[in-house]
Amino acid sequence: MSGTFFYVGDAPGTQAEEAAVLKQVEAGVLRVAYEETGGPSGSPVLLLHGFPYDVHAYGDVTPLLGAAGCHVITPYLRGFGPTRFLSPDTPRSGQQAALGQDLRALLDALAIPRAVLAGYDWGGRAACIVAALWPDRVRGLVSGGDDGYNIQDIAGATTPQAPETERRLWYQYYFHTERGRAGLAQHRHALCKLLWQLWSPNWRFDDATYAQTAVSFDNPDFVEVVIHSYRHRYGVVPGDPAVEDLERRLAAQPRITVPTIALHGAANGVLASGGSEQQRHFCAGAYEHRVIPTVGHNLPQEAPQDFANAVLALT
């Protein structure tokens, strides 16, 4: 049942208060693995990673937030790392409504009534969805990596974009094919490493840094969740019936009313700088757009201080 806790790492009290502890909790359709730093008396912050990354993206952000007194929760998303589906019958969906529902279920399971949500890529999308649909659960939003407003317009997704934008999205169209599915399954580590290099051209990460994240791609549901995500967003495949009501609400492109800081790396290899600013009209509350020079797509790992500063501005 939701809210059942499991310790995976050291039990409480065996590490310093600031050290991250790996735990698991049943939340919705998942047993979510997450890292926790700080105690429940701190200001709650949830950090959400994207594709193809994992919780290590926040390895240098978390200590900064912990030192400021935050209670930091960093989950592995569905299909990544130790997070697992509770039932073999649950569709391995990667659609946006499922990601948003996962995040809300995690807040409920951890009994967190209201938090700052911060993420990028898939994680930023989940955070935006919760902020838009359940604003009473969100103290502030940090949305980074692509769009400040990171909720997909699936109905308009078939409209061709500028050729340069289409070139940057080659991997998405690749995943629409069975060749792409097989390529991800057979070469997931090499393919995802290539995406890191293309999306963050100024980031000189080493093999050890990549390896500590790449193990998360060995999750048994990784391929199915990723392929479904990139097919559903273009209307190529149906979604999970259990979240279709949420998907219909998202089709209306609901506005975000909570205080929002949009972060964008000037060297983002997925979306050219300026894309976030174009989403301003979807944010009806206080809004700030920050561009970080030379930084690419993986904002928290490339610019941890800037990411932490944005979170702390909303706590």
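Where is the place of Tyr58? In this predicted model, Tyr58 sits in the loop between strand 4 (43-48) and helix 1 (61-67), where helices (H or I, at least four residues) and strands (E, at least two) are DSSP runs numbered from the N terminus. Residues are numbered from 1 along each chain as its sequence is written, and side-chain values use heavy atoms, with hydrogens and water left out. Local features need pLDDT of at least 70 and side-chain atom pairs count only at pLDDT 80 or more, while totals for chains, interfaces and linings use all residues.

The mean pLDDT, which is the predictor's confidence in each residue from 0 to 100, is 92 for the protein, and 91% of its residues reach 70 or more. Over residues 10-17, however, pLDDT stays under 50, and the model has eight contacts (heavy atoms within 4.5 Å) beyond four places in sequence for that stretch. Where pLDDT is low, the predicted coordinates should not be read in detail.

Tyr58 has a relative accessible area of 1% and is buried, a term that means under 20% relative accessible area, with exposed over 50% and partly exposed in between (1.4 Å probe, protein chains only). Beyond its neighbours within four places in sequence, Tyr58 is in contact with residues including Leu47, Pro63, Tyr120, Pro300 and Phe307. The C-alpha atom of Tyr58 is separated by 9.7 Å from that of Glu302, although the two residues lie 244 residues apart along the chain.

Burial also marks helix 8 (residues 222-232), where 10 of the 11 residues are buried, so that this helix is largely enclosed by the rest of the structure. The buried residues of helix 8 pack against strand 6 (84-85), helix 3 (122-133), helix 5 (170-174), helix 6 and helix 9 (244-251).

Helix 9 also meets helix 2 (residues 96-109): their axes, lines fitted to C-alpha atoms over the stretch in contact, with angles from 0 to 180 degrees between N-to-C directions, come within 9 Å and cross at roughly 110 degrees. That makes helix 2 roughly perpendicular to helix 9, given that angles under 35 degrees count as roughly parallel, over 145 as roughly antiparallel, 65 to 115 as roughly perpendicular and the rest as oblique. In this contact, Gln96, Ala97 and Gln101 of helix 2 meet Leu246, Glu247 and Leu250 of helix 9.

Helix 6 (residues 178-199), in turn, has an axis that comes within 11 Å of that of helix 7 (residues 207-214), crossing at roughly 120 degrees, and the two helices are therefore oblique to each other.
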